[in-house]
Amino acid sequence: MATIEECRAALEKLSDNMQGAEGDVRAAAALDRSVSCRITDLDVTFVGRMTGGRIRVDDTLQGPPPDKAQIRLTMKGDDLVALVNGELNFAKAWGSGRVKLEAGLRDLFQLRKLL
């Protein structure tokens with residue numbers, strides 16, 4: 001099972017990958033939205049903001065977040081690490097329910113370019 005530190009490092013790596021993106025992916029990464037990433041097996045939620053082509057993690061909370069972020073991810077820690085490392089296909093994980101992504105319809109269309 002991935003640790004909180006490994007999950008935070010995976011989010012940092014995802015943020016670095018987003019910042020280095022080009023074209024349509026760069027445009028999708030340029031959204032300015034509140035973000036939460038709930039790690040179910042650790043019972044923690046990383047909350048922050050996607051802005052300037054990066055994900056900035058502002059806090060790590062025990063349990064579910066008190067406020068609903070504009071972009072919400074939910075998954076196990078191992079799945080987050082595997083996604084960021086390219087070992088787990090996002091579409092298949094989302095389709096099977098291993099990964100949940102919730103956002104407004106307009107944001108979902110932009111985010112599909114990232115994922």
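D79 touches L88 and R98, residues up to four places away in sequence being left out; contact here means heavy atoms within 4.5 Å. The model is predicted, so local features need pLDDT of at least 70 and side-chain atom pairs pLDDT 80 or more, while totals for chains, interfaces and linings use all residues. Residues are numbered from 1 along each chain as its sequence is written, and side-chain values use heavy atoms, without hydrogens and water.

D79 sits in helix 3. Its relative accessibility is 8%, so D79 counts as buried (under 20% relative accessible area, with exposed over 50% and partly exposed in between; 1.4 Å probe, protein chains only). Helix 3 spans residues 77–84 and is mostly covered, with 6 of its 8 residues buried. Besides D79, the buried residues are G77, L80, A82, L83 and V84. Their cover includes helix 1 (4–19), strand 1 (33–39), strand 4 (71–75) and helix 4 (90–96). Just after helix 3, G86 adopts a positive phi of about 80 degrees.

L80 also belongs to the largest nonpolar core, which has 28 residues. Such a core is a set of buried Ala, Val, Leu, Ile, Met, Phe, Trp, Tyr and Cys residues joined through side-chain atoms within 4.5 Å. C37, I39, M75 and L80 touch the most other members. At least two core residues come from each of helix 1, strand 1, strand 2 (44–51), strand 4, helix 3, helix 4 and strand 5 (100–103). Neighbours within four places aside, I39 contacts C7, V44, F46, M75, K76, G77 and L80.

The protein chain holds 5 helices and 5 strands. These are DSSP runs numbered from the N terminus: H or I of at least four residues for helices, E of at least two for strands. Their order from the N terminus is α-α-β-β-β-β-α-α-β-α. The radius of gyration is 13 Å, close to the 13 Å that the globule rule gives for 115 residues, so the chain is as compact as a globular protein of that length. This radius is taken over C-alpha atoms, and the rule is 2.2 Å times the number of residues to the power 0.38. Along the principal axes, the C-alpha atoms fill a box of roughly 35 × 30 × 25 Å. Of the 115 residues, 39% count as buried. Among contacts between residues at least 6 apart in sequence, 59% join residues at least 24 apart.
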